[in-house]
Amino acid sequence: PDLGEFDLKIDKVTLEDDAVYECQVGQSSPNVPGIASRKAKVDVLIPPDMPIIEGGPQVFVTAGEPYNLTCHARNAKPGPNITWTSQGVPQGGATVYEAETPQADSKLVDGTSILTITPVKIADQGRAYRCHADNEALTMPRYTNAFLEVQYPPDVKMTKYPRFAKEFNGVSFACEAVGNPDEMKWKWYVGGELLQGEESASMTLNHLLRDLHEKVVECEATNDIGTGKASFTLNIEYGPRFLAEPDHASADVGGNAALTCSVDGNPFPAVVWRRRGEERVLSSKNWYNITGVAGRHFGIYTCTASVAGFPEITRDVHLMEKRPPKVIADADQWARFGETGVLTCLVESVPKPQTIGWAKILDNGTSINIIGNERYTVREEDVPNLPSQRRSVMEIISLQDEDYGRYNCTADHGHGL
């Protein structure tokens, strides 16, 4: 005081002490005015609180999907500088968003930093991200860690499947899956249809049928994140079968003929053609063509189909000479009044008739078409083992007086009536 020095000492500085100060000397006499010193600013530095990573310390993320890691550092003066590292490597660039928010009625500032990541499953599992917060009040940054729990849908692999399978045998399948979370539900599909009751990682088909050949077997694993699948296409070996009824052929002498044999099997059947009762192989294709048909060519041929490991099958195919239709029917056929009358007409022709028609013959010799009459129904059928014959049956429901009389059965095969 003797020197005229007056010092201000502030103990235990608080944020309230952040201000502008000046030393003032009051007027000592009427002739000596008061004076004030130059202003001095006290800038109070406040370190940020320990940073907080939202969702930490274990942050659940989904593989392949962008995720925003958000770090808050609050109550700092000046505002905090927030940075990121992972495994000692700085993280930043275009993937970081930063913002400072002054607190209302306070000189403190809150800081937020958002780091956008796209985690990779397995590689980023357990990866640590560190958020650093610093300002002038600190000599060493404060930091906090967060660890990634990378979740992803199951990766599924089929580990057991039959490379080849035989019809009527059983086959087993098994799958494995890796995913996070590892609690999974299983489903199995065959040909796109769900197999009821199959809810484990393995499955057995007990009785394979050829209809399942080339069907896709799928195992499906599902966890809380999504679904994964693995598939296998069935290759079922099965014996030969004919795909259609025998396609008997007809030809004129001097014309051409084609005998066909539609077969299926896996592997595809070997086919041979022979004349019935002969050993000589005429063709090893699905067809046998004859050019310039002669009388000696007419007869019965056999188509034999075979697949290794299965019984062979054989079918007779007739080659017949074309001839006009021949109608075989009883001249008199009987039925009682009020009952159902049945008229049968057997037609023998080569080739089989394209149409078999019925008409009623009136007393004056004219005929009327009976098709369309609700009481008249006509059906046609082949005669077993007789490829040149076809039968037509007409039924008349609830016979009336006008139904009795003569009827005409007419066959047309394109080469004569």
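This is a predicted model: local features need pLDDT of at least 70, side-chain atom pairs count only at pLDDT 80 or more; totals for chains, interfaces and linings use all residues.
I took buried to mean under 20% relative accessible area, exposed over 50%, and partly exposed in between (1.4 Å probe, protein chains only). Residues are numbered from 1 along each chain as its sequence is written, and side-chain values use heavy atoms, with hydrogens and water left out.

**Entry 1: salt bridges**

I defined a salt bridge as a side-chain nitrogen of Lys or Arg within 4 Å of a carboxyl oxygen of Asp or Glu. By this rule I recorded 16 salt bridges.

I looked up Lys107 and found its side chain in a salt bridge with Asp18, at 2.8 Å from N to O. The two residues lie 89 residues apart: Lys107 in the loop between strand 10 (96–102) and strand 11 (109–117), Asp18 in the segment before strand 1 (19–21). Strands here are DSSP runs (E, at least two residues), numbered from the N terminus. Lys107 counts as partly exposed because its relative accessibility is 43%, whereas Asp18, at 7%, counts as buried.

I next took Glu348 and Arg323, whose side chains form a salt bridge of 3.7 Å, N to O. Glu348 belongs to strand 31 (residues 341–350) and Arg323 to strand 30 (residues 323–328), 25 residues apart. Arg323 is partly exposed at 36% relative accessibility.

A further salt bridge joins Glu395 and Arg379 at 3.0 Å, N to O. Glu395 is in strand 35 (residues 389–396) and Arg379 in strand 34 (residues 376–382), so the pair ties together parts 16 residues apart in sequence. Both ends are partly exposed, Glu395 with a relative accessible area of 25% and Arg379 at 41%. I also noted that salt bridges with shared partners join Asp18, Asp43, Lys77 and Lys107 into one network.

**Entry 2: pockets**

I used a 1 Å grid over the protein atoms alone; a pocket is an open set of points where a 1.4 Å probe fits, with protein on both sides within 12 Å along at least five of seven lines, and lining residues have an atom within 4 Å of a point. A volume is the space filled by probe spheres set on the points, which are joined across faces, edges and corners.

The largest pocket has a volume of about 510 Å³. Among its 22 lining residues, Ala331, Gln333, Leu343, Gly405 and Tyr407 are the closest to the centre. Strand 31 supplies the largest share of this lining, five residues.

The second largest pocket holds about 400 Å³. I counted 16 lining residues, with Pro246, His248, Lys352, Asp382 and Pro387 nearest its centre.

Technical notes
Helices (H or I, at least four residues) and strands (E, at least two) are DSSP runs, numbered from the N terminus.
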